[in-house]
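Thanks for coming. I will show one structure and walk through some of its parts, giving each term its cut-offs as we go.

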Amino acid sequence: MTLQLGSTVDDAVAHGHRYRACFQQLPQKSWSVIARRGGTVAFGEDIAAIIEQGQVQARGSCVGHQDRANAFAGHGAPLSRGRDRWGTGARVRRSVRGTRRGADGNGGQHMGSEHQDGSAYRRAADYVAAVLIFLRDNVLLREPLRPEHIKPRLLGHWGSCPGITMVYAALNTLIRERDADVLLVTGPGHGAPSNHANLWLEGTHEEYDRALARSEAGLTELARRYCAPDGFPSHLSPALPGTIHEGGELGYALVTAFGAALDAPQRLVACIVGDGEAETGPTAGAWHSSKYLDPVTCGAVLPVLHLNGYKISSPTLFATMSDEELVHLFRGYGWHPRIVDVTDRPAGDPVADAVRDAHTAIQDIQTAARNGNRPARPEWPMIVLRSLKGQGAPRKVGGQPLEGTFYAHQVPMADVRDDPAQLAALEAWLRSYRPDELFDQDGRPAESVVAAVPDGNRRIGMQPAGDGGRLREPLDLPDLRPYAVDVTQGPGSQVASPNEVLAAWLTAVMRRTASRRDFRIVSPDELASNKLDAVLAASKRAYAWPVEQYAEDLAPDGRIMEILSEHNCQGWLQGYLQTGRHGLFPSYEAFAAIVDSMVNQYGKWLKMSREVPWRTQVSSLTYLLTSEGWRQEHNGYSHQGPGFINNLLTKKSTVTGVYLPPDANTLLVTMERLLNETGRINAVVAGKQPAAQWLGLDDARRHCEAGASVWRWASTCDGDDPEVVLACAGGIPTIEALAAADMLRHDLPDARIRVVNIIDLCTLATPERHPHAMPETDFVDLFGRDTPVVLDFHGYPSVVHELLHGRPAPDRFHVRGYVEEGTTTTPYDLLISNGTSRHDLAVTVLRHLHGRPADTGDLATHYARRRDETQKELRRTGVDPVEITRWTWQE
């Protein structure tokens with residue numbers, strides 16, 4: 001006989017298994033106790049050693065790796081089965097895992113101990129979660145289960161549901177006992193049936209929709225809506241009260257939870273991290289977020305790593321690690337981990353015990369810090385929850401293992417509608433929760449169930465921060481005028497760095513929000529590089545751990561967060577905004593694309609939020625894309641990439657915006673507008689290098705309001721009746737377009753050339769495709785109906801062509817932009833390489849001045865020759881000529 005997982009000790013001894021000698025060396029009563037309690041053996045277990053340690057007597061038998069039996073807690077503390085606290089000499093609870101008692105026959109008759117080890121509330125929640133996945137009728141099993149009661153499409157993931165409910169129930173206990181302010185972030189969003197079940201049992205679903213009342217009819221309706229075309233999706237979504245994170249694309253739950261805890265000193269953000277999600281890079285970086293969490297001004301995050309062992313079809317990385325390895329890993333991150341193992345269904349509620357003790361440890365840290373005894377390196381508690389995959393499901397059906405394997409990840413018994421054996425197994429499984437004890441004759445949860453639910457707004461689903469727009473207060477923004485650049489002497493008369501001008505205004509914003517603490521700046525270690533570091537005069541960089549080496553402007557309570565992880569910055573800001581606050585994300589333009597996938601998911605969240613009637617919009621997420629590619633000639637090709645705009649514009653137009661302010665004053669006006677806005681993702685592209693300034697503040701306001709306008713002062717014939725339109729969008733393209741217009745008005749003064757500047761890129765789209773689009777009459781007023789347009793664009797030309805689809809004669813637009821030509825070179829050489837230099841623009845304009853071949857041919861040749869000579873010279877000298885670098889606009 002080959003020993004199988006779950007074989008009893010009697011089996012092993014009777015068949016002369018290799019453990020026989022081990023057992024026979026023990027007193028008969030020792031291993032007979034194991035068998036009597038349903039004990040099992042497993043691969044690699046040293047049964048003798050475990051019994052000698054007294055662990056078998058604690059509960060059941062052993063399953064797993066031998067090194068787990070010898071694992072230890074931090075500080076070298078011994079193992080213990082009893083309750084423990086975080087702190088010096090803390091112990092990690094290590095249970096000896098076992099499988100359930102019961103027959104293991106065909107048809108899924110192995111139902112364990114019929115869930116007698118779980119509370120009524122947890123039984124009810126697991127039952128409802130299973131109902132949502134499988135049933136569309138007969139939801140309380142008032143009659144025998146029949147195929148017509150089964151949904152035609154079985155969707156959802158059972159595997160994570162029981163673990164989510166364990167945590168949810170433990171948090172309920174904490175709230176009831178201590179009136180804790182708890183927000184839950186669920187990383188395994190595919191475990192949504194569990195979240196729905198808990199929301200229904202606590203009455204939150206009913207608060208938002210009477211059709212989902214706590215009754216048999218309400219449960220039937222909830223089951224109908226789950227994964228229905230007109231109902232709830234298979235994952236979490238904005239339609240679920242108390243939810244700020246969708247959890248479909250894995251990796252972002254933990255960092256989002258930290259954003260929600262910032263500047264919320266009373267809030268406990270519990271975050272369930274699936275062990276599959278824990279394999280992702282963003283989650284790996286997010287564990288460091290505790291080093292930025294100030295125990296005085298911020299709340300706390302309690303991570304629960306839900307280690308149920310499997311992904312879709314293979315074990316998770318963390319499932320292969322011993323307790324000792326897990327403890328070392330998370331201690332290295334700076335956490336104080338506690339391992340809670342419920343795979344053998346221990347008595348009581350060890351998860352609630354762990355959550356309660358974690359809360360005590362958190363309060364100890366916060367109380368000490370708020371009384372002036374700030375811990376140098378706070379060891380925040382975390383929980384590693386070991387459970388079986390799909391715990392509670394049949395152990396085996398028709399020879400197929402389910403519980404505790406990857407076969408329980410999604411829908412166990414997927415053929416239940418057509419397979420009588422699976423149908424019988426499902427019914428036996430569901431009835432093992434004893435629904436008749438959990439619900440009354442009207443389908444209302446029994447008193448033993450609702451007694452576990454907190455009251456009123458303390459219910460997790462009613463957490464106010466779960467609908468953060470209701471908590472949002474508009475920013476008290478300072479007036480722009482003291483910070484605006486004075487250009488009364490004419491366009492181009494002043495030189496300034498747009499970012500430095502903006503930084504002065506943002507410094508005032510930081511000061512005005514100092515007492516409210518509801519505005520933060522997150523940046524991947526680039527504030528100084530992007531010339532925004534003036535804001536450090538108003539708030540330091542956040543960092544809670546001691547720094548022994550030389551550093552400047554660090555403080556535990558700082559509201560400027562720098563880390564060389566775009567994922568962390570994105571997640572922090574999402575969590576911060578989703579819970580009612582405000583913020584800004586400056587980044588090198590080329591590397592903003594690192595968070596493209598996070599932006600995709602957040603854009604979907606915002607789009608769906610607009611469709612939920614009770615959701616209140618949160619502050620817009622605004623990126624300041626700077627160190628733009630056109631001025632990354634010194635860093636080279638890797639830093640030259642404007643593609644973030646492309647990705648953003650693939651999202652729903654109702655939640656996206658792209659702005660290209662040509663100077664400092666338009667940047668100020670744009671930022672003032674966007675920091676007041678809600679419900680969108682915006683990209684603002686601005687330069688950090690000193691450059692000519694074009695518009696006074698009043699003109700800047702009018703230009704930004706229009707989105708695009710004629711710059712008559714730069715046009716010939718006041719811009720009237722143009723032969724060609726020379727348009728531009730972006731700081732560097734504006735300079736090049738104006739320089740080209742200057743060349744042409746000097747060399748071909750009778751040509752009618754209109755200069756148009758575009759600041760809101762989406763105004764180019766048609767009104768039915770984007771809410772920012774200008775009416776067609778305004779579009780024609782700017783660009784004509786058949787007038788040739790030469791447009792110098794900051795990014796990839798394809799973006800503009802896509803936006804122009806549907807406009808009058810879009811083929812007449814000749815768009816120049818970045819075409820993936822780059823290296824370490826000079827700024828003007830980079831422009832020439834991509835065909836966007838002033839010489840290239842002038843040549844293109846001349847080619848589209850119809851009816852002037854005699855005037856334009858020789859001039860175009862002259863410009864092309866001058867461009868080539870300039871390129872040859874700059875490549876010889878390594879610098880751009882002064883005629884380029886010192887060019888200014890002359891009235």
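Let me begin with a question: is Asp263 buried or exposed? Asp263 has a relative accessible area of 11%, so Asp263 is buried. Buried means under 20% relative accessible area, exposed means over 50%, and partly exposed is in between, with a 1.4 Å probe and protein chains only.

Before I go on, a word on where this comes from. This is a predicted model, in which local features need pLDDT of at least 70 and side-chain atom pairs count only at pLDDT 80 or more, while totals for chains, interfaces and linings use all residues. Residues are numbered from 1 along each chain as its sequence is written, and side-chain values use heavy atoms, with hydrogens and water left out.

Back to Asp263. Its phi is near 55 degrees, which is a positive value in a residue other than glycine. Asp263 sits in the loop between helix 11 (253-261) and strand 2 (267-274). Helices (H or I, at least four residues) and strands (E, at least two) are DSSP runs, numbered from the N terminus.

Met413 is another such case: Met413 is not a glycine, yet has a positive phi of about 60 degrees. Met413 lies in the loop between strand 7 and helix 15. With a relative accessible area of 6%, Met413 is buried.

Now the chain as a whole. There are 30 helices and 22 strands. The chain has 891 residues, and 64% of them count as buried. If we take the contacts between residues at least 6 apart in sequence, 76% join residues at least 24 apart. Contact here means heavy atoms within 4.5 Å.

Five strands form an open sheet in the order 1-2-3-5-4, with parallel pairing. Two strands pair if DSSP finds at least two bridges between them. At the edges are strand 1 (181-186) and strand 4, each of which pairs on one side only. On average, neighbouring strands of this sheet are turned by 20 degrees against each other, direction ignored. Axes are lines fitted to C-alpha atoms, for helices over the stretch in contact, and angles run from 0 to 180 degrees between N-to-C directions.

Strand 4 pairs with strand 5 (residues 381-386) in the parallel sense, over 6 bridges. Pro337 has Met382 in strand 5 as its bridge partner. Helix 13 packs on the sheet and touches strand 3, strand 4 and strand 5; its direction makes about 150 degrees with that of strand 4.

Two other helices let us check a length. The expected span of a helix is 1.5 Å times one less than its number of residues. Helix 14 (residues 350-370) has 21 residues and should span 30 Å; its end C-alpha atoms are 30 Å apart, so the two agree. After helix 14 comes Gly372, with a positive phi near 95 degrees. Helix 24 (residues 731-747) has 17 residues and reaches 25 Å from its first C-alpha to its last, close to the expected 24 Å.

On to the aromatic rings. How many aromatic pairs does the structure hold? It holds 28. One of them joins Trp287 and Trp335: edge-to-face, 6.0 Å centre to centre, with 85 degrees between the planes. Rings of Phe, Tyr and Trp (its six-membered ring) pair if their centres lie within 6.5 Å; planes under 30 degrees apart count as stacked, over 60 as edge-to-face and the rest as tilted. This pair links distant parts of the chain, as Trp287 and Trp335 are 48 residues apart. Both Trp287 and Trp335 are buried. They also belong to one aromatic cluster, together with Phe258, Phe318, Phe330 and Tyr333.

Why is the pair of Tyr310 and Phe406 edge-to-face? The ring centres of Tyr310 and Phe406 are 5.8 Å apart and the planes are at 70 degrees, so the pair counts as edge-to-face. Tyr310 and Phe406 are 96 residues apart. Tyr310 is partly exposed, at 23% relative accessible area, and Phe406 is partly exposed too, at 24%.

Last, charges over rings. Lys291 lies over the face of Trp545, 4.7 Å from the ring centre. The charged end of Arg745 sits over the ring of Trp889, 4.0 Å from its centre. A charge sits over a ring if NZ of Lys or CZ of Arg is within 6 Å of the ring centre and within 35 degrees of the ring normal.
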